[in-house]
Amino acid sequence: MCRAVQHPIRGLFLRSYLAQVSRDKLPDIGSEYEGEGDTVMDAVEFVLQNFTEMNKLWVRMQHQGPLREKEKLEKERSELRDLVGKNLHVLSQIEGVDLEIYRDTVLPRVLEQIVNCKDELAQYYLMDCIIQVFPDEYHLQTLEILLGACPQLQPTVDLKTVLSQLMERLSNYASSSPEVIEAQADMPIVGAITLYVSLLTFTLRVHPDRLDYVDQVLGACVKKLSGKPKLEDSKATKQVVALLSAPLDKYDDIVTALTLSNYPRVMDHLDAGTNKVMAMVIIRSIMKNKTCVSTSDKVEVLFELIKGLIKDLEGISTDELDEEDFNEEQNSVACLMHMLYNDDPEEMLQIICTVWKHIKAGGSKRLPFTVPPLVFSALKLVRKLQGQDGDVAGEEVPATPKKIFQLLNQIIEALSVVPSPELALRLYLQCAEAANDCDLEPVAYEFFTQAFVLYEEEVADSKAQVTAIHLIIGTLQRMNVFGVENRDTLTHKATGYSAKLLKKPDQCRAVYACSHLFWVDDQDGIKDGERVLLCLKRSLRIANAAQQMANVTRGSSGPVTLFVEILNKYLYFFEKGNPQITSSVIQGLIELIKTEMQSDSTTANHASDAFFTSTLRYIQFQKQKGGAMGEKYDPIKL
C-alpha cells in the first residue's frame, strides 16, 4: 500500500503508520527478530528507506494546490513535519546503531536526502532534527561531515539558529564531560585536535562575540594535550596551527586573541620549530591588519606567544638555523616593534621596558636586529617629550627624556658587548643628537664619549673606521648644545682620529671633513676661519704625501682627484665668507692641480679630469653671474 499511494498527505500518514507498527519488529541487537540473515543493517536500511520516501512526499505537498493557497499549504506542511522527523528518532533508538554505522551510513544518507530535496522548510527542520535526536558524542566525532553539508543547503535556510543549537549542546557537553574525549585513549591525538579545530571554527562562525566559548574550546584542547610530550607528529602540529590561526583569521585583530587565556597554553605544546611558525603567523597577522598593540600587558602576552623567535628554545640553538630563515624571522620581529604604540608617554615607556625585558635574552645573533627598532621607538618618545624635562605635578616617576636616555644607555651597551660595535656606535650618535635637541649637554657628551670608546677599542676594520669617523664628524657638526670646553675636547678627538686612518686618501678626506666642525653656517654657529684653513692645509699635505708614496711604489702618482676635492672645499668656505680663504689661495691651488696634471708621473684618469673641468666651469659661471659673488670670483684667472 505504501508503495502504491501517491497522494502526499495519505502517503505520509500511511508511512507514518508503517513506522509505528514496525518499530518493535526491527531486527535490532538483542531483539527476537535478529538472526536468520536479518541484521541491524537491515533495520537501518528499512528506516532510511521509509524516511527518504516520506520526505519526498512531504516536500511534494507544496506543489499540490493553487499558488494563492501557498501560505495555508506551508502551515499544513509545518504541522506534519514531525511525521518525517519520527524516522530519525527511530534510527537514534536502534541499539545496534553505533558511532561507526552512524558516521558511515546513517548521517551521509540522511544528509544526502536533506541536500537533494532543495526545500527550505525541510532542510531547516531536518538539520535541527539530526542535532536534537542523535547523541552529542556522535556530533563531536562527525562535525566535519555535518558542517560540510551546510554550504550545500538553500541560501534562505536559517543556518545560524540551527548551528547555534548545536554549539550550545557541544559547548555544554565539552565543559560537562571532557572525560568522554579523554576516555577514548586509543583515539590518536591528531583526531582529537581535529575535533577541536572543527568545534572552534564552528564556534567562531556561530558565536563570534562569545570569546568565552572560544577560550573554552582552547582550554579543552589544553586539557587533552596536558601531560603529553611536545607534539612531534606533523599532522597533529598542523592541526594545532590551524586551531591557533582560526581566531586570528576571524577577528583580523591579534589584540582579541591576546585576551584568550588558553591561547599561550596551547602554543606551549608545540615543538620549537612549529612554535616559530605560529609566531610568524601571529606577526604577519599584525602587520597585514596594521594592528596596534597599545598596552604593556598585551605586549607581555604577545611576546610570550612569539618567544620562539625571541630567544633560544630548548633543543634549538641559533647555530643550527638556516641563516636566511633566521634573518627573515628577526626582521619580522623588528617590524613588529613599530606596531607597539600608545599615545600616553607613561604607558609607552612601560611598553618599551616590557619589550626590552623580553629581547635582552635574545643573544648575540638576535640583538643586532631587535635593538635598533627599540632604540628608535624610545627616541620617538623622547622627541615627543622634548622640552618637558622636569617633574610633572602629581606623578611620582613621570616619563622624562632623562629617564629614557638612561634606559637607552643600558640597551645600546648590551649591543656593544655582543659585540656589534659599529651598530652600537651609530645608535649612540643617534641618541647624542636627540639629547642635543632636548638641550641635555651632559647626556649628549656621555653618548659621544661612549661612541669614541667603541671607536678606539672595538672598531678595528679600516673600512669600518672610515665610515665611523665620517658619522662622528657629521653628527658632531650638527651639535649646538656643547659649551666651548666640551666641544673642543670632542673636535680635537675627531680630528686626531681622522689623521690616524690607515690609508692616506682616507686620512685626507676625513681631515678636510673636519673643517666643517670649525665653521657651522647657523646664526650663532662657530666660525673659526683659521682652524678651517689649518684643516684644509693639513689635508693638502696628506694628499701631496699620498701622491709621492704612489710615485715611489708604482712609479707613477695617482690621479689628482684628492686635490680637486680639496679645491671644492676651499670654494665652499670662500663663498661662505671665510676671511682666511682668499682668491689668491684658490688661484694657487688651481695652478698646483694644472701642474700636477701635466707632470709625466700623474696617471691619466678620465673621472678626475672631468671633475676638475666641471669645477673650473663652475668658477667661470660664478664670474659671469655678476653681483657680489661675481666680484668675489673676479680676481681668479682660469
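The following questions and answers work through a predicted model of a protein chain.

Student: How many Å apart are the end C-alpha atoms of helix α19, and what span should its residues have?
Tutor: Helix α19 covers residues 345-359, which is 15 residues. At 1.5 Å a residue, these should span 21 Å, a figure that agrees with the model because the end C-alpha atoms of α19 are apart by 21 Å.

Student: Which helices are included in what covers the buried residues of α19?
Tutor: The buried residues of α19 are Met348, Leu349, Ile351, Ile352, Thr354, Val355, Trp356, His358 and Ile359. What covers these residues includes α16 (296-305), α17 (307-310), α18 (323-337), α20 (367-385) and α21 (401-417).

Student: Are α26 and α28 roughly parallel or roughly antiparallel?
Tutor: The axes of helix α26 (residues 504-514) and helix α28 (residues 561-575) come within 11 Å of each other and cross at roughly 0 degrees. Angles under 35 degrees count as roughly parallel, so the relation of α26 to α28 is roughly parallel.

Student: How many nonpolar, polar and charged residues are there in the contact of α26 with α28?
Tutor: On the α26 side the residues are Pro505, Cys508, Arg509 and Tyr512, and they meet Thr561, Leu562, Glu565, Ile566 and Lys569 in α28. Divided by type, the residues of this contact are five nonpolar, one polar and three charged.

Student: Which residues is Ser539 in contact with, leaving aside its neighbours within four places in sequence?
Tutor: Ser539 lies in helix α27, residues 529-554, and counts as buried because its relative accessibility is 0%. Cys508 and Tyr512 in α26, together with Ile566 in α28, take part in the contact between those two helices. Leaving aside neighbours within four places in sequence, the residues in contact with Ser539 are Cys508, Val511, Tyr512 and Ile566.

Student: Is Lys118 buried or exposed?
Tutor: Lys118 has its place in the loop between α4 (99-117) and α5 (120-133), and although Lys118 is not a glycine, its phi is positive, at about 50 degrees. With a relative accessibility of 56%, and because over 50% is the cut-off, Lys118 counts as exposed.

Student: What relative accessible area does Lys290 have?
Tutor: Lys290 is in the loop between α15 (272-289) and α16, and its phi is near 50 degrees, a positive value in a residue other than glycine. Lys290 is exposed, because its relative accessible area is 66%.

Student: How many Å apart in space are Val162 and Glu347, C-alpha to C-alpha?
Tutor: Val162 lies in helix α8, residues 159-176, and counts as buried because its relative accessibility is 1%. Leaving aside neighbours within four places in sequence, Val162 is in contact with Tyr124, Met127, Asp128 and Ile131. Val162 and Glu347 are 185 residues apart in sequence, and their C-alpha to C-alpha distance in space is 45 Å.

Student: How many Å apart in space are Leu248 and Glu95, C-alpha to C-alpha?
Tutor: Leu248 lies in helix α12, residues 234-251, and counts as buried because its relative accessibility is 2%. Leu248 and Glu95 are 153 residues apart in sequence, and their C-alpha to C-alpha distance in space is 43 Å.

Terms used
Residues numbered from 1 in each chain as written. Predicted model: local features only at pLDDT ≥ 70, side-chain atom pairs only at ≥ 80, totals over all residues. Heavy atoms only, no water. Axes fitted to C-alpha atoms, helices over the stretch in contact; angles between N-to-C directions. Helix = DSSP H or I, 4+ residues; strand = E, 2+ residues; numbered from the N terminus. Parallel < 35°, antiparallel > 145°, perpendicular 65-115°, else oblique. Contact = heavy atoms within 4.5 Å. Nonpolar A, V, L, I, M, F, W, Y, C, P; charged D, E, K, R; others polar. Expected span 1.5 Å × (residues − 1). Buried < 20%, exposed > 50% of the residue type's maximum accessible area, 1.4 Å probe, protein only.
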